Amino acid sequence: MPEQTAKSLKTDSTRTIDIKDYLGGLFGQEDEILLTIKKNAKAAKIPAIEVSSTVGKLLYCLARIQKPKRILEIGTLAGYSTVWLARALDQDGKIISLEIEPRHAAVAKKNIALAGFENQIEIREGRAQGLMDRMIQEKEGPFDLIFIDADKKNYPLYLERALQLSRAGTLILSDNLIPKEETFGSHLPGDLEANAIYQFNQEIALHPKLESVLTTTIVGKKGRIDALGISIVKSDR
Ligand code: SAH
Ligand code: DHB
Ligand code: MG
């Protein structure tokens with residue numbers, strides 16, 4: 001019986017990887033620029049934790065629907081998701097992307113120039129929390145679309161700030177909303193990442209100012225099931 005379970009799990013993950021490749025090949029086609037962005041990241045030894053090409057395409061499609069003039073991204077890495085989002089912008093649209101690692105920001109800047117978006121994308125270096133606090137103070141909001149994809153343990157803090165940088169109708173997208181634990185729901189009580197993600201999911205599900213849904217995604221070489229959060233900010237009345 002345990003053998004049977006192991007076998008069916010393995011079979012299932014092979015199927016999941018095949019489906020991920022199928023979806024990526026058909027719907028998440030990457031051009032030379034997107035491939036080079038990932039190549040540059042790899043050459044700089046930046047971890048390959050960018051969104052999958054299918055999620056990149058999903059971000060692009062959601063942004064096409066939203067027609068944002070101003071996007072805020074939290075967690076740039078090498079600029080892969082940033083460029084997917086930028087491709088949905090009009091000429092006068094802008095992205096501000098926050099990144100704590102100077103090394104990541106440097107490669108991202110190079111990648112963004114390569115993609116031809118140096119005039120539309122601004123990367124701000126530092127802790128997203130503090131950078132967002134300053135944006136609130138300086139009244140830099142509201143943004144039309146906010147993509148949360150930085151350190152998971154701070155997701156609840158980012159949500160609180162994202163709401164302050166939103167208007168009625170802002171689209172808040174959040175990556176990686178299923179924690180990594182092998183058995184679902186089996187994280188240790190001290191697992192700060194998993195706790196924060198479950199808390200975040202509760203908040204976007206129950207928040208009086210949000211209408212939310214999670215859509216499952218397939219990430220990484222092992223085809224882990226994950227999810228992207230889609231939240232719409234409601235009007236006050
Ligand atoms: N959005 C990217 C992936 C981001 S990975 C893509 O899909 O292409 C998460 C990034 O968040 C990393 O580059 C990491 O350095 C950054 N990060 C982690 N903690 C942060 C913080 N407190 N403030 C800002 N960025 C942070
Ligand atoms: C991982 C994936 C992500 O999309 C992310 O933002 C952070 C980490 C990962 O697979 O480790
Ligand atoms: Mg992510």
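Mentor: A backbone N or O atom of Ile49 lies 3.2 Å from an oxygen atom of ligand 2, a polar contact being a pair of N or O atoms within 3.5 Å; within protein, one must be able to donate a hydrogen and the other to accept it, and residues adjacent in sequence count only if both atoms are side-chain atoms. The model is predicted: local features need pLDDT of at least 70, side-chain atom pairs count only at pLDDT 80 or more, and totals for chains, interfaces and linings use all residues. Residues are numbered from 1 along each chain as its sequence is written, chains are lettered from A and ligands numbered from 1 in the order written, and side-chain values use heavy atoms, without hydrogens and water.

Trainee: Which oxygen contacts of ligand 2 involve the side chains of Asp149 and Lys180?

Mentor: A polar side-chain atom of Asp149 is 2.8 Å from a ligand 2 oxygen, and a side-chain N or O atom of Lys180 is 2.5 Å from an oxygen of ligand 2.

Trainee: Is Arg161 buried or exposed?

Mentor: Buried means under 20% relative accessible area, exposed over 50%, partly exposed in between (1.4 Å probe, protein chains only). Arg161 has 10% and is therefore buried. Phe184, at 61%, is exposed.

Trainee: How many aromatic pairs does the structure hold?

Mentor: Rings of Phe, Tyr and Trp (its six-membered ring) pair if their centres lie within 6.5 Å; planes under 30 degrees apart are stacked, over 60 edge-to-face, the rest tilted. There are four pairs. Phe184 and Tyr198 have ring centres 6.1 Å apart and planes at 75°, so this pair is edge-to-face.
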